[in-house]
Amino acid sequence: MGFGRESRRVRDESLPFSHRFMSLGSWIQQAQPIGFEPAWAYLEAKLNLSWYEPDFLLPAMDMLEAERAIHLRIAAEYADLRRLQKAAGHRSPPRDQVTPIEPRRWHGDERAGARHALESWLRRVGLALSDPYERRIRGVVEDALSGSTLTKLDTDELQSLLDGARAQSAGFAGGTVPYRNALSYRQPLGHLFLMFHEVPSVGKPWNFRTP
């Protein structure tokens, strides 16, 4: 199932609404700019429409296609950059480098996308967090969503958590518990970053604290 096929089906008003809706869901499942559930919440908030309303489909598709067009442009820029880096002998990109999907974001509306992603993350993790790092991240996320600004203590601690998550995910094979834990930290940390900072250009570092 490709993006073009799903887009055409969403726009084909001769199809039953349920078929068009399923194609929209397939698009979001494939693209997931900020995750599946947050993407739906973002679209509903921006359009002030519920997903089950027929008028939701076409403007939602327009927004998804616009986001993907920016994503593809940035991905092409990053591919060119990686070719230059590899030619210079840098086979692996720096761990703090901005890529088309790191930090995960809604291209063109990063801050609003980050807010919806963090709200979804809070709902998913719930209150009973056994991991002390996730508990600390949750506290900062709750403060950020309530309008608080980052303190120097928050910045230092978040940078330490981000450094640890990057090192952990680089040091373990995919699918292991430490690797999954590191990835679970990195996504909300990336969204927290976007709540307070403009995303740098691809290839530039992103950190809470300037080295």
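Author: Helices are DSSP runs of H or I of at least four residues, strands are E runs of at least two, and both are numbered from the N terminus. An axis is a line fitted to C-alpha atoms, for helices over the stretch in contact, and angles between N-to-C directions run from 0 to 180 degrees. The model is predicted, so local features require pLDDT of at least 70 and side-chain atom pairs pLDDT 80 or more, while totals for chains, interfaces and linings use all residues. Residues are numbered from 1 along each chain as its sequence is written, and side-chain values use heavy atoms, without hydrogens or water.

Helix H1 spans residues 3-11 and helix H2 residues 17-31; their axes lie 8 Å apart, at an angle of about 150°. H1 is therefore roughly antiparallel to H2 (over 145 degrees; under 35 is roughly parallel, 65 to 115 roughly perpendicular, the rest oblique). The two helices cross in a left-handed sense, the near helix being turned anticlockwise from the far one by less than a right angle (clockwise is right-handed). On the H1 side, Phe 3, Glu 6, Ser 7, Arg 9 and Val 10 make the contact (heavy atoms within 4.5 Å), and H2 contributes His 19, Arg 20, Ser 23, Leu 24, Ser 26, Trp 27, Gln 30 and Ala 31. Five nonpolar, five polar and three charged residues form this contact of H1 with H2. Here Ala, Val, Leu, Ile, Met, Phe, Trp, Tyr, Cys and Pro count as nonpolar, Asp, Glu, Lys and Arg as charged, and the others, Gly among them, as polar.

H2 also packs against helix H4, which covers residues 57-87; the two axes come within 11 Å of each other and cross at roughly 20°. H2 is therefore roughly parallel to H4. The crossing of H2 and H4 is left-handed. From H2, Phe 17, Arg 20, Phe 21, Leu 24, Trp 27 and Ile 28 take part, and they meet Leu 57, Leu 58, Ala 60, Met 61, Leu 64, Glu 65 and Arg 68 of H4. This contact of H2 with H4 holds 10 nonpolar and three charged residues, and no polar ones.

Gln 32 has a positive phi of about 40°, although it is not a glycine. Most residues other than glycine have a negative phi, and most peptide bonds are trans. A cis peptide bond, with omega about -5°, joins Glu 102 to Pro 103. Pro 103 sits in the loop between H4 and H5.

H3 packs on H4 as well, at an angle of about 115° and with 10 Å between the axes. H3 passes H4 in a right-handed crossing. Tyr 42, Leu 43, Lys 46 and Leu 47 of H3 touch Pro 59, Ala 60, Met 63 and Leu 64 of H4. By class, the contact of H3 with H4 has seven nonpolar residues, one charged residue and no polar residue.

H5 supplies the largest share, four residues. The lining of the second largest pocket has seven nonpolar, five polar and two charged residues. The largest cavity is lined by Val 140, Asp 143, Ala 144, Ser 148, Thr 149, Leu 150, Asp 154 and Phe 196. The largest share of the lining of this cavity, three residues, comes from helix H6 (residues 132-145).

Definitions and conventions
1 Å grid on protein atoms, 1.4 Å probe; cavity = no way out; pocket = protein on both sides within 12 Å on 5 of 7 lines; lining within 4 Å.
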